[in-house]
Amino acid sequence: MIAAFPSAIPLQGLIGGVMIGLSAAILLLGIGRIAGVSGLFARATGASDSGAPRMIALAFTVGLPIGAFVAASVILTPMRMTASWPLIIVGGLLVGFGTRLGSGCTSGHGVCGMSRLSPRSLAATATFMAAGIATVTAMRLIGFGS
């Protein structure tokens, strides 16, 4: 375990990263589409008319939480939520707004765009990382989280 990250689970993180990269590669090689989760979610819910075929977007969107549940069950890693449901919902809505504003999310820009050396994705990922670090620092300074 890394001292700066006492709750880090590096093996599970590595496996998750490989699975994300593998699913992005399958989608790109299979139908030539970028695996941007926010775009797939928008397509699956009807908020967007462009992108992957709707059934593929729906299968990908539904499969994400099911895959996480199955993986957690197999690995027997206890899942715990330390934030309240209202905070999670507000955070999710803000992330959704930000991904639409930035024309993509961490999976689209961070996984697929970075691997293609897209300048737009490099800038977007740097912005995501800076905003995430600033948010966590601010929340810890005002007493949220540990």
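**Exercise 1.** In which hand of crossing, left-handed or right-handed, does α5 pass α6?

Before we start, note that this is a predicted model in which local features need pLDDT of at least 70, side-chain atom pairs count only at pLDDT 80 or more, and totals for chains, interfaces and linings use all residues. Residues are numbered from 1 along each chain as its sequence is written, and side-chain values use heavy atoms, with hydrogens and water left out.

*Solution.* 
- Step 1: Find the helices, which are DSSP runs of H or I with at least four residues, numbered from the N terminus. Here α5 covers 106–115 and α6 covers 119–141.
- Step 2: Look at the axes, lines fitted to C-alpha atoms over the stretch in contact, with angles from 0 to 180 degrees between N-to-C directions. Those of α5 and α6 cross at roughly 130° and come within 9 Å.
- Step 3: That angle makes α5 oblique to α6; angles under 35 degrees count as roughly parallel, over 145 as roughly antiparallel, 65 to 115 as roughly perpendicular and the rest as oblique.
- Step 4: The crossing of α5 past α6 is left-handed, meaning that the near helix is turned anticlockwise from the far one by less than a right angle; clockwise would be right-handed.

**Exercise 2.** Describe the loop residue L117.

*Solution.* 
- Step 1: L117 sits in the loop between α5 and α6.
- Step 2: Its phi is positive, about 55°, although L117 is not a glycine.
- Step 3: L117 counts as exposed because its relative accessibility is 64%; exposed is over 50% relative accessible area, buried under 20% and partly exposed in between (1.4 Å probe, protein chains only).

**Exercise 3.** Work out how α1 and α3 pack.

*Solution.* 
- Step 1: The axes of α1 and α3 are 13 Å apart, at an angle of about 155°.
- Step 2: α1 and α3 are therefore roughly antiparallel to each other.
- Step 3: The crossing of α1 past α3 is right-handed.
- Step 4: In contact (heavy atoms within 4.5 Å), Q12, S23, L27 and I31 of α1 meet I56, F60 and I75 of α3.

**Exercise 4.** Which residues of α2 are buried, and what follows the helix?

*Solution.* 
- Step 1: In α2 (residues 37–45), the buried residues are S38, L40, A42, R43 and A44.
- Step 2: These buried residues pack against α1 (10–31), α3 (54–75) and α4 (85–101).

Technical notes. Helix = DSSP H or I, 4+ residues; strand = E, 2+ residues; numbered from the N terminus.
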